[in-house]
Amino acid sequence: MSLSLRTTDGGEVQVSSEVLQQFKAGFRGPVLGSDSADYDTTRNIWNAMIDRRPGLILRCTGTADVQHAVRFAKQHRFLLSVRGGGHNIAGLAVCDGGLMIDLSVMRGVSVDVKGRTARAQGGCTLGDVDRETQVHGLAAVLGFVSATGIGGLTVGGGFGYLTRRFGYTCDNLMSMEVVSADGQVQRAAADENPELFWALRGGGGNFGIVTSFEYKLHPVGPEILGGAVVWRGEDAAEVLDFYRRFTATTPRETTCVALLRIAPPAPWLPAELHNKPIVAVFVCHSGAIEDGEKTLAPLRSFGKPVADIITRRPYAQMQSLLDATQPKGRRYYWKSNYLAEIHPNAIAAAVEHAAHIPSPHSSIAFFQLKGALGELPTDHCPAGNRDTAFVLNIASSWDNAADDTANQRWARDCFAAMAPFSTGGTYINFLNEEEGRERIEAAYGRANLERLAALKQRYDPENLFRHTKSVLG
């Protein structure tokens, strides 16, 4: 009995039971076929719009399994994808018909308190890392939804509540262990394989599979001042104009995220507002609590807020505060750009399109970033766009496939209306499935992209790692 697997040239190859058994003899983790009990659970990822069926899923238990899997794929030229957290909007974790290398059981974290570093395996989520580092009042620069995998986040750049203070996630990397396309295990750091280290800090999944990340840690928490303030939707224009002026003066310890959406039936929101338009500002102040109280006082007293849940809370809790807005199994479609400022006309466009949101789960978000990013040169690493002040993310989310067209159209129309206010740059991890070369160049900049393409030829000349946002033309 044989198994048919898709190859990198688009064809198929028959894998005999003998060849598969030989592979399994050197692999510790489960090998899942389409008839395996855990197959659907493992292939199904966060974005339900992605419904691909790998020919085999290889659930790695450690670096040796990853190395064995890469060599297997290279030997037979199998189409290959890599799953960490499975949280990428474009569904890069899952390929059709090929091999999916699954790191999601590799979730160990070790903390060096004295050296202020943490080493985390490639299948960790943000929540895994925060849980261990916060025991010691330390934090890595990560994202803001705890179920996100650190792998895709980090090799795509990464930003979150600490970015204004410390830069991108990848700016805070000390080293990585990576299985490269030739099946070798290599260390990438400033003092070892520096070109590979450069490429992996923002260049996505083009250069290998990172099996562990060593992060620089910063004193944060365990308690911070954070939460959200909410106003009625009819106040959105005034609130966003205040947000624009307020964020121009806040210290780097304070990060603010403005959201336009339909109010969910959350217990902390007045019942009469449920399912009605709102504008919210989520905040995280990671400095001294007393300083945060003073900084946030003008925000909390502006206009007529209908809810205010800003309070002292564990940093790890702040990191999961938005989790409920991003559950696994919904349909997601995003359009995103970087902004140098929030122009008054951009506010008008956002408010207009927020009034026509077709789903109660969708939102328009302005995430504040300006700060430490701008202190490093554009070519410090591939994750460029260091002139950005905000990320604009038009996040369309809904439940039923029958509503795909209406929800995607809304996001595209809103994006088009907001495009004149962009820097021209975008975030590689927010690119959806249909966005190609032009948008990839917008994420990296031409010079960085050309350097990445040259390094791709050096480290992966056969393009084994192709199921990603490719740096090749």
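1. Start with the five-stranded sheet: it is open, its order is β7-β8-β12-β10-β11, and its pairing is antiparallel. The edges are β7 and β11 (185-189), each of which pairs on one side only. Direction ignored, neighbouring strands here are turned by 15° against each other on average. On terms: two strands pair if DSSP finds at least two bridges between them, and helices (H or I, at least four residues) and strands (E, at least two) are DSSP runs, numbered from the N terminus. Bear in mind that this is a predicted model, where local features need pLDDT of at least 70, side-chain atom pairs count only at pLDDT 80 or more, and totals for chains, interfaces and linings use all residues. Residues are numbered from 1 along each chain as its sequence is written, and side-chain values use heavy atoms, with hydrogens and water left out.

2. Helix α3 (residues 63-76) packs on it by touching β10 (173-179), β11 and β12, and the direction of α3 makes about 50° with that of β10. Helix α4 (residues 126-133) packs on the sheet too, touching β7 and β8, with its direction at about 35° to that of β7. Contact here means heavy atoms within 4.5 Å; axes are lines fitted to C-alpha atoms, for helices over the stretch in contact, and angles run from 0 to 180 degrees between N-to-C directions.

3. Now for the pairing at the β7 end. Strand β7 (residues 109-112) and strand β8 (residues 117-121) are joined antiparallel by 4 bridges, with Val111 opposite Ala118. They make a hairpin with 4 residues between the strands. On from there, β8 pairs with strand β12 (residues 209-216), again in the antiparallel sense, over 5 bridges, and Ala120 stands opposite Phe213.

4. Most residues other than glycine have a negative phi, and most peptide bonds are trans. Arg116 counts as partly exposed because its relative accessibility is 42%; the cut-offs are under 20% relative accessible area for buried, over 50% for exposed, and partly exposed in between (1.4 Å probe, protein chains only).

5. Two other loop spots are worth checking. Asn385, in the loop between β20 (363-368) and β21, has a positive phi of about 55° although it is not a glycine. At 13% relative accessibility, Asn385 counts as buried. The peptide bond from Gly221 to Pro222 is cis, with omega near 5°, and Pro222 lies in the loop between β13 (218-219) and β14 (223-232).

6. There is also an open sheet of 4 strands, ordered β3-β4-β6-β5, with mixed pairing. Its edge strands are β3 (31-32) and β5 (80-83), each pairing on one side only. Strand β4 (residues 56-59) runs parallel to strand β6 (residues 99-102) over 4 bridges, and Leu58 stands opposite Ile101. Helix α3 turns up here as well: it packs on this sheet, touching β4, β5 and β6, and its direction makes about 165° with that of β6.

7. Which way do the residues of β19 point, and are they buried or exposed? Arg331, Tyr333, Lys335, Asn337 and Leu339 point one way, Tyr332, Trp334, Ser336 and Tyr338 point the other, and all are buried. With 9 of its 9 residues (331-339) buried, β19 is therefore largely enclosed by the rest of the structure. Strand β19 is joined to strand β21 (residues 390-398) by 9 bridges, and the two run antiparallel; Lys335 has Ile394 as its bridge partner in β21.

8. Last, a helix pair. The axes of α11 (residues 344-354) and α12 (residues 404-418) come within 9 Å and cross at roughly 165°. That makes α11 roughly antiparallel to α12 (angles under 35 degrees count as roughly parallel, over 145 as roughly antiparallel, 65 to 115 as roughly perpendicular and the rest as oblique). On the α11 side the contact is made by Ala346, Ala349, Ala350 and His353, and on the α12 side by Trp410, Asp413, Cys414, Ala417 and Met418.
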